[in-house]
Amino acid sequence: MAELKNDRFLRALLRESVDRTPVWMMRQAGRYLPEYRETRAQAGDFLSLCKNAELACEVTLQPLRRYPLDAAILFSDILTIPDAMGLGLYFETGEGPRFERTVRSMADVEALKTPSMETDLGYVMKAVSTIRQALNGDVPLIGFTGSPWTLATYMIEGGSSKDFRHAKGMLYDQPEVLHALLSRLADAVTDYLNAQIEAGAQAVQIFDTWGGALAHDAYKTFSLAYMSKIVAGLKRTHQGNKVPVIIFTKGGGQWLESMAQSGADALGLDWTTPLDEARSRVGKQVALQGNLDPAVLYSSPERIRDEVERILAEFGKGSGHVFNLGHGIHPQIDPEHAGAFVEAVVELSPKYHR
């Protein structure tokens, strides 16, 4: 593998000194880019794009050709694991992901397949190694997964949900079934991320998209406990280099102190938690990633620049900050506005590192 030329993203996650604040965007390879839409059309559909290593590599590299980003993120989907467990993932136009089968009982949990990283999910590892080679050391590659709780919600509901009626019903009425499912998922996710690290991922992120939907104690019991278990089982060094781990719970600002105890190197923040407050609460335990509201990118480049400056000032001087959006970039964003965001971080952040 080529030597890494730009390691400021990895250094910031480990709270080491950097020359400027590193920046990347969640969903930076996606529908807001016309070249992505062309490649997806070439693939035929979203799942086919995920399963084609060369095309997944192409869309991963597309935003790096446009913007001076400090990391690439594997192009894939969080639902690859439930799909590999035999639930039959498919995508309905305008409806998002759907599963042919749901998990609603202990018998359903016991019937789940234990996915093989080599066969069932080998296409993901091939994409990781293909992308890593194509990056040629320009920037590090991030691998990722969904959290056990987030994956479980899709598996129980059969798709996305606004109220998590079946998942929360199981949590309160049949907690033993939910724990059995989450335990299976935590084991699979640990193997999955370790396989990505072996294939070339240089940092990994756990997306806990729906953790914020849980009640206070339920979050710690049914989401954070399983993410902490995963973190404890991960390879934290590979080929002599540290592999930082980020956990991101959307809507999770109230649990920062508990999240900082998870063993992760960094916590992702959405736009609802001020960075200065978060920094004072977690101290030097973890780095912080975030947290521009993606909707800011609908505004003018001048307004975007003002918000970037505000967030940089909010974090203040020193390392331990990776600039990002507070969630994924919206599909309708003008690519020029995304560029204004990245360029503002590049231009305005060096003064916070002198």
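Mentor: We begin with the basis of the model. This is a predicted model, in which local features need pLDDT of at least 70, side-chain atom pairs count only at pLDDT 80 or more, and totals for chains, interfaces and linings use all residues. Residues are numbered from 1 along each chain as its sequence is written, and side-chain values use heavy atoms, with hydrogens and water left out.

Trainee: In which helix is the place of Leu 312?

Mentor: Helices (H or I, at least four residues) and strands (E, at least two) are DSSP runs, numbered from the N terminus. By that numbering, Leu 312 belongs to the run of residues 301-315, which is helix H14.

Trainee: Does Leu 312 count as buried or exposed?

Mentor: Buried means under 20% relative accessible area, exposed over 50%, and partly exposed in between (1.4 Å probe, protein chains only). The relative accessibility of Leu 312 is 2%, so Leu 312 counts as buried.

Trainee: Leaving aside neighbours within four places in sequence, with which residues is Leu 312 in contact?

Mentor: Contact means heavy atoms within 4.5 Å. With the sequence neighbours within four places set aside, the partners of Leu 312 are Thr 21, Phe 323, Leu 348, Ser 349 and Tyr 352.

Trainee: With which residue does Glu 307 form a salt bridge?

Mentor: A salt bridge is a side-chain nitrogen of Lys or Arg within 4 Å of a carboxyl oxygen of Asp or Glu. Glu 307 is buried, with a relative accessible area of 13%. The closest N and O atoms are 3.4 Å apart, and the partner is Arg 303.

Trainee: How many residues apart in sequence are the parts that Lys 229 and Asp 187 tie together?

Mentor: The two side chains meet in a salt bridge at 3.5 Å, N to O. Lys 229 lies in helix H11 (residues 216-232) and Asp 187 in helix H10 (residues 175-199), so the pair joins parts whose separation in sequence is 42 residues.

Trainee: Is Asp 265, which meets Arg 236 in a salt bridge, buried or exposed?

Mentor: The N to O distance between Asp 265 and Arg 236 is 2.8 Å. Asp 265 lies in the loop between helix H12 (256-260) and strand E9 (266-268), and Arg 236 in the loop between H11 and strand E6 (237-238), so the pair ties together parts that are 29 residues apart in sequence. Arg 236 is partly exposed at 27%. With a relative accessible area of 18%, Asp 265 is buried.

Trainee: How many salt bridges does a search of the whole structure find?

Mentor: Among the residues involved, Arg 8, Asp 19, Arg 20 and Asp 70 are linked in a network. The search of the whole structure gives a total of 20.

Trainee: How many of the 14 residues of H7 are buried?

Mentor: The elements covering the buried residues of H7 include helix H3 (46-51), helix H4 (53-66) and strand E4 (141-146). H7 is largely enclosed by the rest of the structure, because its buried residues number 10.

Trainee: At what angle do H5 and H10 pack?

Mentor: The contact is made by Thr 80, Ile 81 and Met 85 of H5 and Arg 184, Leu 185, Ala 188, Val 189 and Tyr 192 of H10. Axes are lines fitted to C-alpha atoms, for helices over the stretch in contact, and angles run from 0 to 180 degrees between N-to-C directions. The two axes are 10 Å apart, and the angle is about 120°.
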